[in-house]
Every structure is written in structure tokens, then in C-alpha cells.
Amino acid sequence: KHNMDLIRTNPKAAIHAAADMINYFSKHMHNNIEMIFAEYNGGATGGATPYRMYRQGMSKEKIIQWMKDNKCSDSVIKHFFTETIQYVNKCMKAYKYYLEIDDRG
């Protein structure tokens with residue numbers, strides 16, 4: 001429902017689109033914040049399933065095979081291993097930090 005040209009040029013439109021995406025992911029990821037971050041970073045092709053596989057200790061080869069079986073491009077696969085995992089770790093670190101600040105009042 002969002003205009004991609006507007007999202008690229010208008011910060012307010014970009015924020016609204018991102019909020020809608022996070023709301024959608026929250027519902028589909030049962031409010032699991034780690035999976036929401038993975039899915040958000042994965043974009044339209046998703047990121048939560050391969051991230052879940054990664055967290056469960058599945059080998060890189062098996063994750064790649066699953067992604068190929070699910071028609072992920074080589075660039076999406078590369079993105080997952082070079083960006084998504086690090087993105088989720090960074091977001092979780094920030095999330096925990098801000099929770100601690102909130103707990104301190």
C-alpha cells in the first residue's frame with residue numbers, strides 16, 4: 001500500500017512504511033523480537049526462517065540449500081550471511097541496552 005518512490009524521497013513516508021512492516025512482522029513472528037529483526041532485515045524475501053535455522057545450529061550448507069530450494073537468489077543468500085546475522089545481533093544488543101535503561105527508570 002506504500003508508494004516506493006515516495007518512500008525513497010520522503011522520510012515520513014519511509015518511517016510509516018517501516019512501522020507497518022514491523023507491525024506485520026510482529027503478528028507473524030508472534031512478537032519474537034529477534035525474529036522480527038531478522039525478517040525486517042531480510043526484506044521481501046524474508047529472513048526469519050534461515051535465521052531460525054542458524055540459531056538452531058544448522059550448518060551453513062544446509063541453510064544455503066534450503067534458501068536455494070526456496071528460490072533465494074545468490075545475492076539474497078550472501079546478504080543473509082554477511083548482513084542479516086550481524087544486523088540481528090546489533091539490534092538485540094541495542095534492544096537489551098534500552099530495556100535496561102527503561103528498567104532503571
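From the N terminus on, the elements of the protein chain run α-α-α-α-α-α, and the count for this predicted model is accordingly given as 6 helices and 0 strands. Helices (H or I, at least four residues) and strands (E, at least two) are DSSP runs that are numbered from the N terminus. Residues are numbered from 1 along each chain as its sequence is written. Because the model is predicted, local features need pLDDT of at least 70 and side-chain atom pairs count only at pLDDT 80 or more, while totals for chains, interfaces and linings use all residues; side-chain values use heavy atoms, with hydrogens and water left out.

**The chain as a whole**

Taken along the principal axes, the box filled by the C-alpha atoms of the protein chain is roughly 45 × 40 × 25 Å. Of its 105 residues, 31% count as buried, where buried means under 20% relative accessible area, exposed means over 50%, and partly exposed lies in between (1.4 Å probe, protein chains only). The accessible surface of the protein chain comes to about 7600 Å², and 53% of that surface belongs to carbon and sulfur atoms; such areas come from the Shrake-Rupley method with a 1.4 Å probe, and for residues only the protein chains shown count as cover. Among contacts (heavy atoms within 4.5 Å) between residues at least 6 apart in sequence, 33% join residues at least 24 apart.

The protein chain carries 15 positive and 11 negative side chains, and the centres of the two sets lie 1 Å apart. Here Lys and Arg count as positive and Asp and Glu as negative, whereas His and the chain ends are not counted; the place of a charge is taken as NZ of Lys, CZ of Arg, CG of Asp or CD of Glu.

**Salt bridges**

The structure holds 2 salt bridges, a salt bridge being a side-chain nitrogen of Lys or Arg within 4 Å of a carboxyl oxygen of Asp or Glu.

| Pair | N to O distance |
|---|---|
| Asp5 and Arg8 | 3.3 Å |
| Glu34 and Arg55 | 3.1 Å |

Glu34 lies in helix H3 and Arg55 in helix H4, so this pair ties together parts that are 21 residues apart in sequence. Glu34 counts as buried at 17% relative accessibility, whereas Arg55 counts as exposed at 52%. The C-alpha atom of Arg55 is also separated by 17 Å from that of Asn31, a residue 24 places away along the chain.

Asp5 and Arg8, by contrast, both lie in helix H1 (residues 4–9), where they are 3 residues apart, about one turn of the helix. An α-helix has 3.6 residues a turn, so residues three or four places apart point the same way. Both partners are exposed, Asp5 with a relative accessible area of 54% and Arg8 at 60%.

Glu39 has its place in helix H3 (residues 33–42). Glu39 is buried yet has no salt bridge, and the nearest side chain of opposite charge, that of Arg52, is 7.5 Å away. Once its neighbours within four places in sequence are left aside, Glu39 is in contact with Phe25, Met29, Gly46, Gly47 and Ala48.

Ala48 is also one of the buried residues in helix H4 (residues 48–55), together with Pro50, Tyr51 and Met53. What covers these buried residues of H4 includes H3, helix H5 (60–69) and H6. After H4 comes Gly57, whose phi is positive, near 85°.

**Loops with positive phi**

His30 is found in the loop between helix H2 (11–28) and H3, and with a relative accessible area of 72% it is exposed. Lys71 is found in the loop between H5 and H6, and at 74% relative accessibility Lys71 likewise counts as exposed.

**A nonpolar patch**

Tyr97, Tyr98 and Ile101 make a nonpolar surface patch of about 330 Å². Patches are made of residues with over 30% relative accessible area and no salt bridge, like charges being joined within 9 Å and nonpolar side chains (Val, Leu, Ile, Met, Phe, Trp, Tyr) within 5 Å. Ile101 lies in helix H6 (residues 74–104) and is partly exposed, with a relative accessible area of 33%.
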